[in-house]
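Hi there,

Here is the structure I promised to pass on. Please have a look at it alongside my notes.

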Amino acid sequence: MSKDILDHVATIAAEQEVPASPSAPRRMTLNMGPQHPSTHGVLRIVLELEGETIRSAEPDIGFLHTGIEKQCEALTYAKVVTLTDRVDYLSNLSNNLVYALAVEKLLQIEIPQKAQWLRVMMTEFSRLNSHLVWLGTHALDIGAMSIFFYCFREREEILRILEQFSGQRMMTSYIRIGGVSLEPPRGWQKNVGKFIRGFPAKVDEYENLLDSNPIWGIRTKSVGFVALEDMLDLGVTGPMIRGAGMPLDCRKTEPYSSYDKFNFEVATRNGNDVYSRYQVRMQEMRESAKIITQALEGMPEGPYQADAPHVMLPDREKMKTQMEALIYHFKIVTEGFRVPAGEVYQCIESPRGEIGYYIVSDGTSKPYRVHMRTPSFGNLQALPVLLKDVLIADSIAALGSMDFVLGDTDR
Amino acid sequence: MSHPAILQTVEAFGETTHFADPSQIMALCRYFKDEEKYVRLSGLTAVDWHPTEPRFEVVYHLHSIERNSRVRVKCKVGGENPEIDSVYGVWRSANWFEREVFDMFGIKFRNHPNLIRILMPLDWEGHPLRKDYPVHGYKYSYPNE
């Protein structure tokens, strides 16, 4: 080791000497992350400890910053869809949907009923997917190992359904501007129906596994309290705020994509701890299953893409037989379509909370500015409040209950 | 909704935008939160209109749960030494949003408690979301600040 490093170590050791007054507690600074299994990604938290108690926690983000917002400005509107998949990689369909809705608002095009219902069904599948990954990994952090395998068993089925619909398991890019990318595959009702009929029983099974375990209750109840006023002030949304009794859900308050035609409840609990957030998410999984069942039973007939030849690529069949369609295809692929100048803010309810895209158009075929207000970024700001005066062992449960995705935070 | 700091109000695509006087942004946000019940700052960002002047627009998205409504407040900020008051005193969620705007656009927020870069490394040069910052390349020609 070089002398510099040894000097540095000596200075740190000197700083951490026992303080002059013996009654004053000794503090220790601990780096949690960026490579820590319970942060589920590259998050660094600087903890100030007094014994086992966290006195202050300062999150440090940005390790997964990939400049997606900058890249959006260099691509045409249609190409940005693939980037939105990569923002929140556990609920990519929510990101697809909010982007498509924002651009459609600027273009002012009407989306056919069938496409809207397909969008609702697929985003609910992606909510199930996200909550299942959350439940499995969160329980794993706390020490319940077997639940992880149960959750991933069902998640595999969901990914298989996503693959049938879009050809991809994770980065689906299924929801496009003007509709969805493909006609649903033949016999999709059978696969979706089989899965969704059995799913509520599976949720009961998870709940049974966890709630009958006394350790689960001890580790999650009365842990991770954040006052509701603090949450509102700090920009927290999603299951966290619903676990504090506030029924804040964009699907109900600002319905988009025909959500007002579906019958479902907003899950809330009043406990405001890790356990109530878990209960909220379990209830949301049941509600999602209800929505998917309704979409399955009442799926309207009709086209799956909007009738907007200046935006949508023409049918393959038409492109090869009609001159006009060939010209449109060439123009849309090479130049992209122009979007009227203006600005919109569109928000939807992702599994993690409010996700809002602010898109500014200057009338060209590339977005002038795309800002992604992502739920994980808003929620993580509450981390110093959440972890204050919490035991370090409880911090793992409290962190897990936030359900953040670092790709979503750093973009 | 009227306040002396609102210069102009525009309705487009079903959304309301208030253009505001940047020197009174703090008072305006306080008014929106206390009088009009916009308790949430849903988002805060900026847009770079390089090379026009004033170059930047700082954009606030406010959300009222009670009235179930959203409004947008915009302030124009000049490109030469861009500065605006921080609204951290009104909503604490402005903390990270303002740090992100500082990081990406180089707009300084007066009275911000901890105005340092948030997404880029602390020793990074330049502000990536400015329009005169290239999308790719190892070296870039960026005028000294």
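Below is what I found in it, part by part.

This is a predicted model, in which local features need pLDDT of at least 70 and side-chain atom pairs count only at pLDDT 80 or more, while totals for chains, interfaces and linings use all residues. Residues are numbered from 1 along each chain as its sequence is written, and chains are lettered from A and ligands numbered from 1 in the order in which they are written.

On confidence, the predictor gives the complex an ipTM of 0.89 and a pTM of 0.89. The average pLDDT of chain B is 86, and 93% of its residues score at least 70; pLDDT is the predictor's confidence in each residue, from 0 to 100.

**Where the chains meet**

The contact takes 30 residues from chain A and 27 residues from chain B. Two residues are in contact here if their C-beta atoms, placed from the backbone, lie within 7 Å. On the side of chain B that touches chain A, the elements giving two or more residues are β3 (40-48), β4 (56-64), β5 (69-77) and α2 (94-105) of chain B. Helices (H or I, at least four residues) and strands (E, at least two) are DSSP runs, numbered from the N terminus. β3(B) provides the largest share of that side, 6 residues. Sorted by class, the side of chain B that touches chain A has 15 nonpolar, 7 polar and 5 charged residues. For these classes, Ala, Val, Leu, Ile, Met, Phe, Trp, Tyr, Cys and Pro count as nonpolar, Asp, Glu, Lys and Arg as charged, and the others, Gly among them, as polar.

**The sheet of chain B**

In chain B, 5 strands form an open sheet with mixed pairing, in the order β1-β2-β5-β4-β3. Two strands pair if DSSP finds at least two bridges between them. The edge strands are β1 (6-12) and β3 of chain B, each pairing on one side only. On average, neighbouring strands of this sheet are turned by 20° against each other, direction ignored. β4(B) and β5(B) pair in the antiparallel sense over 9 bridges, and Phe56(B) stands opposite Val77(B) in β5(B). α2(B) packs on the sheet, where it touches β3 and β4 of chain B, and its direction makes about 10° with that of β3(B). Axes are lines fitted to C-alpha atoms, for helices over the stretch in contact, and angles run from 0 to 180 degrees between N-to-C directions.

**A sheet in chain A**

Chain A has an open sheet of 4 strands in the order β1-β2-β3-β9, with antiparallel pairing. β1 (28-32) and β9 of chain A stand at the edges with a single partner strand each, so one side of each is left without a neighbour in the sheet. Strand β2 (residues 44-50) of chain A is joined to strand β3 (residues 53-60) of chain A by 7 bridges. Within β3(A), Ala57(A) stands opposite Leu47(A), and Ser56(A) is the bridge partner of Glu48(A). β2(A) and β3(A) form a hairpin with 2 residues between them, and Gly51(A) in the turn has a positive phi of about 65°. Another 2 bridges join β3(A) to strand β9 (residues 390-391) of chain A, and these strands run antiparallel; Thr53(A) stands opposite Leu391(A) in β9(A).

**Core and helices**

The largest nonpolar core has 141 residues, and those with the most contacts inside it include Met231(A), Ile359(A), Val58(B) and Val101(B). A nonpolar core is a set of buried Ala, Val, Leu, Ile, Met, Phe, Trp, Tyr and Cys residues joined through C-beta atoms within 7 Å. A residue is buried if 20 or more other C-beta atoms lie within 10 Å of its own, exposed if 12 or fewer, and partly exposed in between. Helix α5 (residues 113-142) of chain A gives this core its largest share, 14 residues.

The axes of α4(A) and α5(A) come within 7 Å and cross at roughly 145°. Asn92(A), Leu93(A), Ser94(A) and Leu97(A) in α4(A) meet Arg119(A), Met122(A), Thr123(A) and Ser126(A) in α5(A). In the loop between α4 and α5 of chain A sits Ile109(A), which is partly exposed, with 17 other C-beta atoms within 10 Å.

Best wishes
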